[in-house]
Amino acid sequence: MTKQQKKKRNHWVPQSYLRYFAADDDRRKIWMLKRDSNDEPELKPIKKVATEFYLYAPHGPNGRDYSFEDKLASLEQMFGEPFWDSLATSYVDLCDKSVRKGLSLLVAVMHLRNPQQLQQTRALYKQMVEFYSRLPELPDAVEIGGKTYEVNKDSWPSYRDASDDDIKRMWLDNVGSAAWLAKMLMDMRWAILLSEEPVFITTDNPVITVHPSLQFKGIKNPETSVMFPLSPTRLLHIDNRMDEPDGQYYPLKTNPGAMNGLLWRYAINAMYSSRHPDHVCAEICADAEAQGFTSSGAESPTSR
């Protein structure tokens, strides 16, 4: 593959991360199951999954801007370092500030770089333009999240008439400033669910926020959890249960279908696994049946 082809095909789930879930010894292929297809599970080359042309390369005055893809590639190098291998296969001190800082940034960027976040940016932009275009004049200030922001009326025409590439740049600016989310994650309680056997899946939306209501209630909501599968034997679980011990490893005591079912529920369209998806789906169905087809109000898997 040429350098230009690499630039063209942007992976929103890094290949270096997915190789930990590979199904072959060469770590080049992974099992994939699509939700919106009647096709059978497929053993796919990792380089061909979770990819979209020019996802991080909007048009600019001088053609495509690949700078953000280069920035992400630099961050993704962490997946190839001993730091990540220890996280994915061994034990690390989750209370170590350097460990938590590095992993928080990875989790934050993995969450924000997902194309679902781009769709949300487009939807929010459309709502903003439609709302303020109906007003007789722009307000001097707006309140967002309890904070008041002054409105720059001179910039409104360019914002109102933004192209899709402009909206994509708004999204990439948010991804590039992921430190705000990383800081929130650092201050939460951390744990890792541990399995002796490779059982955990990942998806095309690997970082998920879970609430018993199955609605997003905010990262700081007392009942919100953030889940991120590190490997088939390690699942990072971050929550706000500050009365529980921090930085612990908890052996998986239940059918992995419970955790994999949540991951699959929040996937965009695809499951990725080191195991055949038929086995994964059978476990998910068995857990759903045992739970009466509901996970609402379930106890945290990292509670004592």
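Student: How many aromatic pairs does the count come to?
Tutor: The count comes to 14 aromatic pairs. Keep in mind that this is a predicted model.

Student: Let's take one. How are the rings of Tyr91 and Tyr249 placed, and why is the pair called tilted?
Tutor: Their centres are 4.9 Å apart and the planes stand at 55°. Planes under 30 degrees apart would be stacked and those over 60 edge-to-face, so this pair is tilted.

Student: And where in the chain do Tyr91 and Tyr249 sit?
Tutor: Tyr91 is in the loop between H4 and helix H5 (97-112), while Tyr249 belongs to strand E14. The two are 158 residues apart, and the pair links distant parts of the chain.

Student: Is Tyr249 buried or exposed?
Tutor: Tyr249 has 19% relative accessibility, and the cut-off for buried is under 20%, so Tyr249 counts as buried. Tyr91 is partly exposed, with a relative accessible area of 49%.

Student: What about the rings of Phe131 and Tyr132?
Tutor: That pair is edge-to-face, because the planes are at 85°. The ring centres lie 4.9 Å apart. Phe131 is partly exposed at 41% relative accessible area, whereas Tyr132 is buried at 15%.

Student: Which residues form the aromatic cluster?
Tutor: Tyr17, Phe21, Phe79, Trp84 and Phe228 form one cluster.

Student: Switching to charges: which ring does the charged end of Arg64 sit over?
Tutor: Arg64 has its charged end over the ring of Tyr54, 3.9 Å from the ring centre. Likewise, the charged end of Arg27 is over the ring of Tyr20, at 4.8 Å from the centre.

Student: Now the sheet, please. What is the order of its five strands?
Tutor: The order is E11-E12-E13-E9-E14, in an open sheet with mixed pairing. At the edges are strand E11 (208-210) and strand E14 (248-251), each pairing on one side only. From one strand to the next, the twist averages 30°.

Student: How many bridges join E11 to E12?
Tutor: Three bridges join them, and the two strands run antiparallel. For example, Val210 has Ser225 in E12 as its bridge partner.

Student: Which strands does helix H10 touch?
Tutor: H10 (residues 257-265) packs on the sheet and touches E9, E11, E12 and E13. Its direction makes about 105° with that of E12. Helix H4 (residues 82-89) lies across E12 and E13, and runs at about 105° to E12.

Student: Is H10 mostly covered or mostly open?
Tutor: Mostly covered: seven of its nine residues are buried. Among them are Met259, Leu262, Leu263 and Trp264.

Key
Residues numbered from 1 in each chain as written. Predicted model: local features only at pLDDT ≥ 70, side-chain atom pairs only at ≥ 80, totals over all residues. Heavy atoms only, no water. Pairing = 2+ DSSP bridges. Helix = DSSP H or I, 4+ residues; strand = E, 2+ residues; numbered from the N terminus. Axes fitted to C-alpha atoms, helices over the stretch in contact; angles between N-to-C directions. Contact = heavy atoms within 4.5 Å. Buried < 20%, exposed > 50% of the residue type's maximum accessible area, 1.4 Å probe, protein only. Phe/Tyr/Trp six-rings, centres within 6.5 Å; stacked < 30°, edge-to-face > 60°. Lys NZ or Arg CZ within 6 Å of the ring centre and 35° of its normal.
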